[in-house]
Every structure is written in structure tokens, then in C-alpha cells.
Amino acid sequence: MKLSDLFLHQILDLPGKPEHNPLTIGWIFEDAQLLDVRIDVLHSSAGALFEIRSSYLPGELNIQSLNCGVMIFRKTTGVMWEKITRRGFPDQMVWEVGECHIEQSATGVEVNPLRDNNGMDLLIKAESVEFYAGRLPALPDDIPSYPDHKDVAGLVPGWDMDFSPTNVWTLGPAPKR
């Protein structure tokens, strides 16, 4: 399957231990790289594509083979993207994730993976979010040095690459008390 197929097809029968749900452990995404965000208006969904080889996630989950992660937001209700262009600073090609702030409410989830990191902020609100982790066989084993590459095609995850999801975790509205 292609990474972009996740917009159309949920694959919820993959392993994913609830006690190790990355969507409930904000720091686990630290040092991941946010590469792309796509919005599928027809299906009211959004997707955030991550390079996770440099994050804490593979080690914490004890799955060293992971190299790609994607969050798919279902029934998206809002996307806020703000970038402050700083004079003298080149445009970023990727955005390093600090703590990924994920909040549940009675109506859904709110995810902020950047929190104004280097002048960039992203906030996505949806009824639910799925996080798929897995392998992109086309990627090299070494993590590319992002600032040194003008063209990183084939070195980092892309929506058109073949993807083998190995794990999935979900998060939806907070349970009513």
C-alpha cells in the first residue's frame, strides 16, 4: 500500500499496545521530523507525515525497524498552520518535533506537534486520530542530514512511497464521566 492510501482505508487490526500508546505520551515524538501535512477535504481528513528514525519512539516501543509514522485525523474540524518567516533564516525543509501536545475532549482530539518550534505552529482538531508506524522499504538505513540536502527525495518518507504499517494506535473523544 502507499502511505496516501491511509486517507481512504483504516487498518485497525494491527498490533498496538494501549499501555504504550504514543498518542498519550507527548515526549515520545521528541526529535521526530514533521515532513508534510495533507488535507483531504472530500473525506474530512488530514494527515501528518513523520520521519521517526531520529525520535525516541522506536526505542521506547522496542521496535527498532520503524522508520516512518503518520497521523491520520478522521472527521477533521480544524487545521491551523502558522509560520513566521524570519529574515536571514532559510525556509525549513522539515520541522523538528519537540513535545507533541495531544489533548482529548468530549468531542475529539486536538494535536499540536510543533508548539511554535522555530516560528512554526500547527494545530489539528478532529473527532479521532490514528497513528500508524511502520517501514518504508525504499528508505536508506541512515538518517539524512536535513540541512545538507536541498533535494531529499528518496531519503525521507513521501506519501507516494510503499508503506508496510506494523502498528496502529487510536485516540478519540474522552470517555464521559
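Rings of Phe, Tyr and Trp, the last taken by its six-membered ring, count as an aromatic pair if their centres lie within 6.5 Å, and planes under 30 degrees apart make the pair stacked, over 60 edge-to-face and the rest tilted. The structure shown, which is a predicted model, holds five such aromatic pairs.

**View 1. Aromatic pairs around Phe 29.** The rings of Phe 29 and Phe 50 have centres 5.9 Å apart and planes at 40°, so this pair is tilted. The pair joins distant parts of the chain, since Phe 29 belongs to the segment before E1 and Phe 50 to strand E2, 21 residues apart. Phe 29 and Phe 50 are both buried. Phe 29 also pairs with Phe 131, here in an edge-to-face arrangement with 5.2 Å from centre to centre and 85° between the planes. This second pair again links distant parts of the chain, with Phe 29 in the segment before E1 and Phe 131 in strand E7, 102 residues apart. Like Phe 29, Phe 131 is buried. Ring pairs connect Phe 29, Phe 50, Phe 131 and Trp 169 into a cluster.

**View 2. The chain as a whole.** The chain contains one helix and eight strands, and from the N terminus on its elements follow the order β-β-α-β-β-β-β-β-β. Of its 177 residues, 45% count as buried. Among contacts in the chain with a separation of 6 or more, 71% are between residues 24 or more positions apart. The chain exposes about 9,500 Å², of which carbon and sulfur atoms supply 49%.

**View 3. The largest nonpolar core and a second, separate one.** In soluble globular proteins, nonpolar side chains tend to be buried together. The largest nonpolar core in this model has 31 residues, and those with the most contacts inside it are Leu 34, Met 71 and Phe 73. Two or more residues each come from strands E1 (33-40), E2 (45-51), E3 (68-83), E6 (109-112), E7 (120-135) and E8 (164-171), and from helix H1 (57-61). Strand E7 gives the most to this core, with seven residues. A second, separate core has 15 residues, including Leu 6, Tyr 132, Trp 159 and Met 161.

**View 4. The surroundings of Phe 73.** When neighbours within four places in sequence are left aside, the residues in contact with Phe 73 include Ser 44, Ser 45, Ala 46, Gly 47 and Ala 48. Because its relative accessibility is 37%, Ser 44 counts as partly exposed.

View 5. The whole structure has six salt bridges, among them one in which the side chains of Arg 74 and Glu 130 meet at 2.9 Å, N to O. This pair links distant parts of the chain, with Arg 74 in strand E3 and Glu 130 in strand E7, 56 residues apart. Both Arg 74 and Glu 130 are buried. Glu 127 forms a salt bridge with Lys 75, the closest N and O atoms being 3.8 Å apart. Glu 127 in strand E7 and Lys 75 in strand E3 are 52 residues apart. Glu 127 is partly exposed, with a relative accessible area of 35%, whereas Lys 75 is exposed, with a relative accessible area of 52%. The backbone at Lys 75 has a phi near 55°, a positive value in a residue other than glycine.

**View 6. The salt bridge of Glu 51 and Arg 53.** The side chains of Glu 51 and Arg 53 meet in a salt bridge, with 2.7 Å from N to O. Glu 51 has a relative accessible area of 0% and is therefore buried. Arg 53 is also buried, with a relative accessible area of 14%, because the cut-off for a buried residue is under 20%.

**View 7. A nonpolar patch on the surface.** Ile 39, Val 41 and Val 79 form a nonpolar patch on the surface, and together they have about 290 Å² of accessible area. Val 79 is placed in strand E3. With a relative accessibility of 35%, Val 79 counts as partly exposed.

Terms used:
Residues numbered from 1 in each chain as written. Predicted model: local features only at pLDDT ≥ 70, side-chain atom pairs only at ≥ 80, totals over all residues. Heavy atoms only, no water. Core = buried A, V, L, I, M, F, W, Y, C linked by side-chain atoms within 4.5 Å. Buried < 20%, exposed > 50% of the residue type's maximum accessible area, 1.4 Å probe, protein only. Helix = DSSP H or I, 4+ residues; strand = E, 2+ residues; numbered from the N terminus. Contact = heavy atoms within 4.5 Å. Patch = residues over 30% accessible without salt bridge, like charges linked within 9 Å, V, L, I, M, F, W, Y side chains within 5 Å. Areas by Shrake-Rupley, 256 points an atom, 1.4 Å probe, with all protein chains shown as cover. Salt bridge = Lys/Arg side-chain N within 4 Å of Asp/Glu carboxyl O.
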